[in-house]
Every structure is written in structure tokens, then in C-alpha cells.
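New notebook page, new structure. I want to know how the chain is put together, one look-up at a time.

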Amino acid sequence: MKLSFVSTGYGNVPLGLFVQGAKWKRVRFPILCAVIEREEGLVLFDTGIGTRIEEEFRPLGARGNWFFSRVVMRTEFEPARDALVNQLPALGFNPSEVTHAVLSHLHWDHAGGMRDFPHCRFIINRPEWEDAVSRRGINAGAYIREQFEDQGLEVDLVSTDPGRPYLSFPASHDVFGDGGLVIVDVPGHAVGQIGMVVNLPSGKRFFLTGDSFYFPDSLEMKAPKSRVMQAVVSEGPESAETLERLWTLAKAEPDVELVSSHDYRIPGRFELAPVAYE
Ligand SMILES: [Zn+2]
């Protein structure tokens, strides 16, 4: 099993918007997906922004997300160049070999590529799905339902098992039953957000934490997102508990690499594909 990172474009925000108490200097950050190579095929963690983003942003209900993406986040994204499905061939991956995609949560910059992989199975936490499909109008927030609902996609709803504590988490779900990919709950940023621990054959462990925190500064300082950002994505009170749990884990298990979906240390501390971790 190998793990690599692909960025479906970049954003650029003042650090203080994403990390409470930090300076307001601008930081460029990736919109990451992870590609996991297994013998049976490829597994994605998140799908980033996809080929249909311009159409998806057009309806009135999505204009808030369009504004946030283009004006606040200054997203650099061109579908032909940056959508995951269009990047995979040059990296030596065939998009048709993607068998599964695990979604950390269903916000537009994570679920955007789902329809670009119509033949794979989507593994989604049941509470996240139920919350996302129930949202209407202004309550849609950072969700764009046409990215995932009523598109004939095959969705496997999963839940973590309270009988299976894992690391510092009270419940978990082993995706393929072999210990390689293990899902845990990291609620708050989204009601049913999940993270996934990737246990590589070398013993190296990556913990893909979604948007529990955006930047590593948050984890180091145990600093939540700015109040503005918490309001924009309507973060729940569980996000503080999740950050505390991740902070404790990072201290207790320093060899576990916690990587958020917008970790600006990629490239740098970790590299993008074609570099692969095994
Ligand atoms: Zn995100």
C-alpha cells in the first residue's frame, strides 16, 4: 500500500482567518486529496474541487460559496489542469482504477470531484450524509447538494463502532477489515466529519484529519479557527473537543503524521505525487 497527495488547486487566505490569534499575513495552501494504492485498486480520501465547479457555483444558492472561493479564498483552480480526474493519468494512475473514495465531509471543496468518479463506491459517515442531504437554502452553507445527491452515485453509509476504540478515539471503523485504513470521528467542522488513519507497510502512519484544523499552527497552539470562519462554516461546539483530542494524540504519538486537507506544508514537509509514501 502506498499513499500520495494531489492538490486540486490552491487557495490563499490571511493566516488569522484560519487560525484564531495568528497574524493576518496571507498563506497559500493546497486543496488536497490523498490517493492510496492497494492491490485491489485505488482509494481516494476526499475528491477536492471537480470538473463541474463553475456550473455548481452558478445557482443563486451557491453564490455565497462562489464569493468565498474567489474573493476571500482567492482560489486558483482550472478544471482542465487541476481536477483530480484530470491529474491522475499524468501521475500514472488510471481514473477507472479508483474503486473507493472516503469523504472526510461533504463541503464543496471535498465533494467536488465525486461525479468525476461515477464508477467508484463512496464511503461516507452516516451522520454526515444525513445532515448534508437535509440542508436547504441558506442552511446549505458550504454544501452543494448536486455534487453528491441524486446523481446515481453508489454511496456506502458507514458508522464508527463504539466497541472498537482506536488510538485516542472511542470508536472506529476499519474500512477493509485489514487494519490498513481506519476511520475515526472528528466532528465539529461538519456534523459527521471523519478522519482516516493510513497504516503503511513500513510502519509509517498518516492521519488525514480533513478540516478539523486547517493549518498546523492550529494544532501546535490548540487554536480554533477565527470566529468569522467558525460562523461561515457553522462549526459546532464539538470542534474544540476534536482539536483537543488531536492535540493530545499529536503529543502522545509523535510518529503519527497529522495532515489536514489544507496543510500548507505540502509541498515542503510532505511532497505531492509522484512522491509516494510506503
Ligand atoms: Zn476544506
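Entry 1, one contact list. I started with L44: beyond its neighbours within four places in sequence, L44 is in contact with C33, A34, V35, V98 and A101. Contact here means that two C-beta atoms, placed from the backbone, lie within 7 Å.

Ground rules, before I go on. This is a predicted model, where local features need pLDDT of at least 70, side-chain atom pairs count only at pLDDT 80 or more, and totals for chains, interfaces and linings use all residues. Residues are numbered from 1 along each chain as its sequence is written.

Buried means 20 or more other C-beta atoms within 10 Å of a residue's own, exposed means 12 or fewer, and partly exposed is in between, with C-beta atoms placed from the backbone. Helices (H or I, at least four residues) and strands (E, at least two) are DSSP runs, numbered from the N terminus.

I found an open sheet of six strands in the order β1-β2-β3-β4-β5-β6, with mixed pairing. Strands pair if DSSP finds at least two bridges between them. Since β1 (2-14) and β6 (154-158) each have a single partner strand, they stand at the edges and one side of each lacks a neighbour in the sheet. Neighbouring strands are turned by 25° against each other on average, direction ignored.

Entry 4, strand by strand. Strand β3 (residues 41-45) runs parallel to β4, joined by four bridges, and L44 has A101 of β4 as its bridge partner. Four of the five residues of β4 (residues 98-102) are buried. β4 then pairs with β5 in the parallel sense over three bridges, where H100 stands opposite R121. Finally, β5 (residues 121-125) and β6 run parallel with five bridges, and I123 faces D156.

I took axes as lines fitted to C-alpha atoms, for helices over the stretch in contact, with angles from 0 to 180 degrees between N-to-C directions. Which residues of α7 are buried? They are E128, W129 and A132.

R74, in the loop between α3 (63-72) and α4 (79-82), has a positive phi of about 45° although it is not a glycine. D150, in the loop between α7 and β6, has phi near 60°, also positive in a non-glycine residue. D150 is exposed, with 8 other C-beta atoms within 10 Å, while R74 counts as partly exposed with 13. I also noted a cis peptide bond from I266 to P267, with omega near 0°, and a cis bond joining A273 and P274, with omega about 15°.
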